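The following paragraphs go through a set of helix contacts and then a few backbone details. Please keep the model open while reading.

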Amino acid sequence: IVSIHSEDEEILNLRKKFIKKGDVHSHPEWRNSETAMSSTRRVVKIAERYNKKIHVLHVTTKEEVDFLAMHKKNVTFETTPQHLTLYAPDCYDKLGTYAQMNPPLRSKDDIDELYKGLEDGTIDVISSFHQPQDFDSKNCEFEKASFGIISLQTFYSNILELSRNISFDSLIDKFTINPRKILGIEVPEISEGSFSSLTILDEEGSWDYNELTNLSKSSNSPW
């Protein structure tokens with residue numbers, strides 16, 4: 001299987017004129033939905049032509065969800081907690097470059113379609129999309145800032161947030177069993193005499209995420 005970050009480099013280069021100096025709000029305008037859709041259409045066409053499996057990483061647009069729903073024979077795909085909980089333009093107002101990632105955080109309309117894709121099973125996986133960056137590379141001008149956020153330690157907390165609207169049981173498969181199946185990794189059984197590595201998930205507990213509890217060497221979190 002081939003995993004693909006799906007953005008069209010040619011369109012991205014053509015759309016650099018939409019980058020507004022010092023204005024992080026122009027990030028999703030530059031990397032608009034067509035930069036993602038153009039690439040996604042192309043890779044799906046190739047996968048179907050040669051009957052090969054592909055996995056499209058961090059899908060963010062309603063157009064992609066609708067399109068990929070019609071091409072599931074050769075394609076699996078994922079989204080992320082940040083693309084389900086943070087939306088433009090508010091995230092850029094509040095977080096500045098700490099909301100800057102590729103593909104970008106998008107509109108509430110896109111989030112609504114991502115939720116539908118999770119609920120009906122179209123979206124196969126939820127991934128953390130964890131990208132540590134050093135302090136200076138995020139605390140600078142938009143044009144110079146590095147892309148991405150840290151999101152591993154807060155992943156499960158965001159899953160609980162999503163479970164307010166989507167069945168918790170249906171969400172579990174999207175970050176446990178489904179990734180194994182897609183990658184061809186054996187799904188372990190919990191049975192007498194078998195080796196099991198267990199993770200205990202607490203649905204009722206709470207904790208504070210801050211600079212003292214953050215376990216990463218990086219601090220580029222929007223939460």
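Axes are lines fitted to C-alpha atoms, for helices over the stretch in contact, and angles run from 0 to 180 degrees between N-to-C directions. Helices (H or I, at least four residues) and strands (E, at least two) are DSSP runs, numbered from the N terminus. The model is predicted, so local features need pLDDT of at least 70 and side-chain atom pairs count only at pLDDT 80 or more, while totals for chains, interfaces and linings use all residues. Residues are numbered from 1 along each chain as its sequence is written, and side-chain values use heavy atoms, with hydrogens and water left out.

Start with helix H3, residues 33–50, and its neighbour H4. Their axes cross at roughly 15° and come within 9 Å. On the H3 side, Ser33, Ala36, Met37, Thr40, Arg41 and Val44 meet Glu63, Glu64, Phe67 and Leu68 of H4, where contact means heavy atoms within 4.5 Å. By class, this contact has five nonpolar, two polar and three charged residues. Ala, Val, Leu, Ile, Met, Phe, Trp, Tyr, Cys and Pro count as nonpolar, Asp, Glu, Lys and Arg as charged, and the others, Gly among them, as polar. An α-helix has 3.6 residues a turn, so residues three or four places apart point the same way.

H3 itself has 18 residues and reaches 26 Å from its first C-alpha to its last, close to the 26 Å expected at 1.5 Å a residue; the expected span is 1.5 Å times one less than the number of residues. Which residues of H3 are buried? They are Thr35, Ala36, Met37, Ser38, Ser39, Thr40, Val43, Val44 and Ala47, with buried meaning under 20% relative accessible area, exposed over 50%, and partly exposed in between (1.4 Å probe, protein chains only). These buried residues pack against strand E1 (2–4), helix H1 (9–14), helix H2 (27–30), strand E2 (54–56), H4 and E3.

H4 (residues 62–69) also packs on helix H7 (residues 108–119), at an angle of about 30° and with the axes 8 Å apart. That makes H4 roughly parallel to H7. Here Lys62, Glu63, Val65 and Asp66 of H4 meet Asp109, Asp110, Glu113, Leu114 and Gly117 of H7. The contact of H4 with H7 has two nonpolar, one polar and six charged residues.

With twelve residues, H7 reaches 16 Å between its first and last C-alpha, close to the 16 Å expected at 1.5 Å a residue. Its buried residues are Asp110, Ile111, Glu113, Leu114, Tyr115, Gly117 and Leu118. What covers them includes H4, strand E3 (75–79), helix H5 (81–85), strand E4 (125–126) and helix H9 (155–162). H9 is also the place of Asn158. Asn158 is buried, with a relative accessible area of 8%, and it touches Pro81, Thr85 and Trp223, not counting residues up to four places away in sequence.

The backbone is the next topic. Most residues other than glycine have a negative phi, and most peptide bonds are trans. Asn51, which follows H3, has a positive phi near 55°. Asn51 sits in the loop between H3 and E2 and is exposed, with a relative accessible area of 55%. Phe129, in the loop between E4 and helix H8 (135–138), also has a positive phi, near 55°. Phe129 is buried, at a relative accessible area of 14%. After H7 comes Gly121, with a positive phi near 85°.

Which peptide bond next to Pro89 is cis? The bond from Ala88 to Pro89 is, with omega near 5°; Pro89 lies in the loop between H5 and helix H6 (90–95). Another cis peptide bond joins Asn102 and Pro103, with omega about -5°, and Pro103 is found in the loop between H6 and H7.

Last, Lys20 is in the loop between H1 and H2. Lys20 is partly exposed, with a relative accessible area of 44%. Leaving aside neighbours within four places in sequence, Lys20 is in contact with Ser26, Glu29 and Phe142. Lys20 and Glu143 are 123 residues apart in sequence, and their C-alpha atoms are 8.4 Å apart in space.

Conventions. Angles under 35 degrees count as roughly parallel, over 145 as roughly antiparallel, 65 to 115 as roughly perpendicular and the rest as oblique.
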